[in-house]
Amino acid sequence: MAKTKATFSCTACGNVTTKWSGRCEACGEWNSISEDSGISAGPAGKSLGDARGRAVALSDLSTEETPPPRTHSGMDELDRVLGGGLVPASAILVGGDPGIGKSTLLLQAAARFAGAGLKTVYISGEEASAQVRMRAQRLGLTQAEVRLGAETNLRDILTTLDQERPQLAIIDSIQTMWADNVGSAPGSVSQVRAAAHELTSFAKRKGMSVILVGHVTKDGQIAGPRVVEHMVDTVLYFEGERGHQFRILRAVKNRFGPADEIGVFEMTGSGLQEVLNPSALFLSERGTPAPGSVVFSGIEGTRPVLVEMQALVAPTPHAQARRSVVGWDGSRLAMILAVLEARCGIPFAGLDVYLNVAGGMKVSEPAADLAVAAALLSAREDAALPPETVVFGEISLSGALRPVGQSENRLKEAAKLGFTSAIVPEGGKMSGNGGLSLNRMADLTAFVGETFGAG
């Protein structure tokens, strides 16, 4: 029998090669290539053997059976991101930067789900049981009915789960798990893929929900092979800036609810606290409106969120002007600067441009184009917009303003927080104005001329 040729994988991006090298050709990471052993291969020659599986009977889907009810944790922000609660026999992957609060969030969630009647097991592969108990004591969860374990051997974990038969298992983290039938080090691509596959399959067979914690790379992506994200039902990212107390739980994939839904938490000395009105929180430190400050009414999943877009334009002492962006797409900023110069005749050459989304929020929708353009012009002309005005709209390369979706929800959220006027694109379906006076603009030139008296 011909010997199977070994393959090698990058632990940072999952790229597969036929030979080892010191640097990954796909992502450029050094010392990240490891041998990719098959699941049935191992140092002791272990294999799956000749055992055969049993036949599975197929039946028609019945419309009479109602789907199993979701379990609500009592944490409204977490239930919102999950799509309305925890679905039985679901697999959830949670990723985030080190120290952002993943273990704190999941320990609090485990206590809440246990209080809701679910038999819950929390297994830590990174900390000893005493360390987890110390965290629980700090969070005031010492009386929670949560079974605790500290183990990294996947076979022992599956055996324990088979005996305990919990309804929810939390694995912290998937990178520390190792399967003894895979001949590679813990954290390698082979081990992460095998552990995720075994835990997900076990959860589906036994009707148990499982939450896996995943490490992230320096680019913010969950470490390990990309196939892990395809195995699970829901992928959540726990985001936040270390300088801010706000934490955002974002769903990037959800088979049981809307993607791009967010839940907002505040990190306190006693753990994570829910933020039921994120817009008020993000605007709480706004203070007196200044040039370069514009309030944008955005949509995150199904929730309207108001955030402050801050811009600073200053003469540059260098030959090459600087463009710095925090919380938004840098290439989108370059496009808006080009449109302002080409269509409106407003140059930014020789000027440093800084753009920031206040509160550590990250905005990705194109509806923020007009708010960014307004912030840039306000900073350049040193003229503040009226403090009770919100702005949203998409800018095309021709300089036209395009309407965006869910305009009514954006306006209602702004009216709820005391805003009285809005600058919006002309056209589009808008059944109501939410009680605000609307200033409709056809293109960017008209906006510049009416708002700043130039263009």
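The count of salt bridges comes to 18. The model is a predicted one. The points below take up one of these salt bridges, then a pair of helices, and then the pocket and cavities.

**Salt bridges**

**Helix packing**

- Two packed helices are described by the angle between their axes and by the distance between the axes.
- The axes of helix α4 (residues 154-164) and helix α5 (residues 189-206) come within 11 Å and cross at roughly 10°.
- Because angles under 35 degrees count as roughly parallel, α4 is described as roughly parallel to α5.
- On the α4 side, the contact is made by L154, L158, L161 and D162, while α5 contributes A194, A195, E198, L199, F202 and K206.
- By class, this contact of α4 with α5 has seven nonpolar residues, three charged residues and no polar ones.

**The largest pocket**

- The largest pocket holds about 640 Å³ of space.
- It is lined by 28 residues, of which Y237, E239, R250, V252 and K362 are the closest to its centre.
- Strands β9 (234-239), β10 (246-254) and β13 (293-300) are the elements that each give two or more residues to this lining.
- The lining of the largest pocket divides into 11 charged, nine nonpolar and eight polar residues.

**The cavities**

- Rolling a probe the size of a water molecule over the atoms shows where empty space is left.
- There are two cavities of 30 Å³ or more.
- The largest cavity has a volume of about 70 Å³, and its lining consists of L78, L82, I92, V94, L105, L106, A109, F113, I211, L236 and L249.
- The lining of the largest cavity has 11 nonpolar residues, with no polar and no charged ones.
- The second largest cavity contains about 40 Å³ of space, and the residues lining it are R70, L82, G85, L86, V87, S90, I92, T234, N254 and F256.
- The lining of the second largest cavity divides into five nonpolar, four polar and one charged.

Terms used:
Residues numbered from 1 in each chain as written. Predicted model: local features only at pLDDT ≥ 70, side-chain atom pairs only at ≥ 80, totals over all residues. Heavy atoms only, no water. 1 Å grid on protein atoms, 1.4 Å probe; cavity = no way out; pocket = protein on both sides within 12 Å on 5 of 7 lines; lining within 4 Å. Points joined across faces, edges and corners; volume = space filled by probe spheres on them. Helix = DSSP H or I, 4+ residues; strand = E, 2+ residues; numbered from the N terminus. Nonpolar A, V, L, I, M, F, W, Y, C, P; charged D, E, K, R; others polar. Axes fitted to C-alpha atoms, helices over the stretch in contact; angles between N-to-C directions. Parallel < 35°, antiparallel > 145°, perpendicular 65-115°, else oblique. Contact = heavy atoms within 4.5 Å. Salt bridge = Lys/Arg side-chain N within 4 Å of Asp/Glu carboxyl O.
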